[in-house]
Amino acid sequence: MRVADIVRFRDADSRAVDLLYRRVFGHDAASASTLRWQWQYLQNPNNPPGGPAIWLAREGPSVVGHFATMPVRLALNGAEISGSWGMDVCVAPERQRQGIGEALVRTWDQQAGAGLGLGLSPASQGLFRKLRWPGIGPVPCLVKPLSRRALRNPRWPTPVNRLVSAVTWPFIRLVARTRPLGAQVEPIRQFDERFTELWTAVAPAFGVAVRRDAPYLNWKFVEPPHVRYSIVALKRDEAVCGYAVYRHARQALGRVTLLVDFLVDPGDRIGFETLLRWVDREARAADSDTIRVFSMHGGFRRLLRRSGYFGVKSTAVLAAKINAVRVPDDFYKRTDDWHVTLGDSDQDR
Ligand SMILES: CC(C)(COP(=O)(O)OP(=O)(O)OC[C@H]1O[C@@H](n2cnc3c(N)ncnc32)[C@H](O)[C@@H]1OP(=O)(O)O)[C@@H](O)C(=O)NCCC(=O)NCCS
């Protein structure tokens, strides 16, 4: 069967794309997407000169498939290549399972120095599996309980929840206690050039990580129109040694503080613990029941566990395929030094 034509997005396609998005993801998701579209696709400092890299599957005048990307620079064991997150892939319901998704992904893959995906749906996991992308699995999720309400489960009856709260409260109080900061932490509103220098200094420590320089960080965490973040810098004297980006949110199970992104030398134990202790204080002040973080890096996760976090099931499935350079056979199996967080791609919406 003939598969649709795969073409680049033009402004005139906006309405057709909105309609397709609405049909596949629903009205709420489409409205939210409209709010962030301009920022996400037009203002990205890593955009190529030709504008945003968005592909459409077209059949005559109809748009039946959509695949958008977020270009990034990618650090790869000290080297740097260009890459992009693939996102918002969708195919019109009546045209699914006919090879259009596959054609869109192949078009992207042929042009990307590295293709990346985060938070894949079961359908797109199936699609990447069919295309024989390396299986990586989810970015681990960890939570830290802070209040009596932290371990409540809506599926349990009230007496069970009460019992769990009573039994676990002494332990939660112990892990959630205030601990002293080992370095200076300062709220900031903008990332200056010192953060690019920080990135340059720590990048070689990561097997894979998106380049977190000042222009990227300002675009990603200062300028988004749909979400507001708190940002702090970790400093020793006037030198910037790290940062943390977080926000507080109300979710089904109570209040949560999301530690969305962070950067510090993975060997700087005191620095990372200081950032975590700051976030603890902020979370308690915001009356959060838990703090949640996603972290691929084994070293950061060890320090998170030492700071009272424990692992829970993660749904943030990661996909990656490096095309620009040859990578060793076991590259996708050894992800312990990859730095991927909820702040990557467009996961925090
Ligand atoms: C994901 C999506 C874009 C795939 O597009 P598509 O045109 O249906 O994909 P293809 O026909 O090229 O399918 C290729 C392979 O993907 C896998 N796949 C596609 N849809 C699947 C589904 N619903 N469940 C499991 N696997 C699926 C299959 O392995 C399929 O091969 P097969 O048909 O030979 O079994 C489409 O299903 C869609 O729009 N889904 C809803 C939105 C969504 O989940 N987007 C992803 C957000 S991360």
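User: Why is strand S15 (residues 317-322) largely enclosed by the rest of the structure?

Analyst: First, the ground rules. This is a predicted model: local features need pLDDT of at least 70, side-chain atom pairs count only at pLDDT 80 or more, and totals for chains, interfaces and linings use all residues. Residues are numbered from 1 along each chain as its sequence is written. A residue is buried if 20 or more other C-beta atoms lie within 10 Å of its own, exposed if 12 or fewer, and partly exposed in between; C-beta atoms are placed from the backbone. In S15, five of the six residues are buried, so the rest of the structure largely encloses this strand. Strands are DSSP runs of E, at least two residues; helices are runs of H or I, at least four; both are numbered from the N terminus.

User: Which strands are joined to S15 by bridges?

Analyst: Two strands pair if DSSP finds at least two bridges between them. Strand S5 (residues 114-118) runs antiparallel to S15, joined by five bridges. Here Leu-116 stands opposite Ala-320. S6 is also antiparallel to S15, with two bridges. Gly-137 stands opposite Leu-318 there.

User: What phi does Asp-88 have, and is Asp-88 buried or exposed?

Analyst: Asp-88 is not a glycine, yet its phi is positive, about 50 degrees. It is found in strand S4 (residues 79-91). Asp-88 is buried because 20 other C-beta atoms lie within 10 Å.

User: Where is Arg-132, and is Arg-132 buried or exposed?

Analyst: Arg-132 lies in the loop between helix H4 (122-130) and strand S6 (137-138). Its phi is positive too, about 60 degrees, and it is not a glycine. Arg-132 is exposed, with 8 other C-beta atoms within 10 Å.
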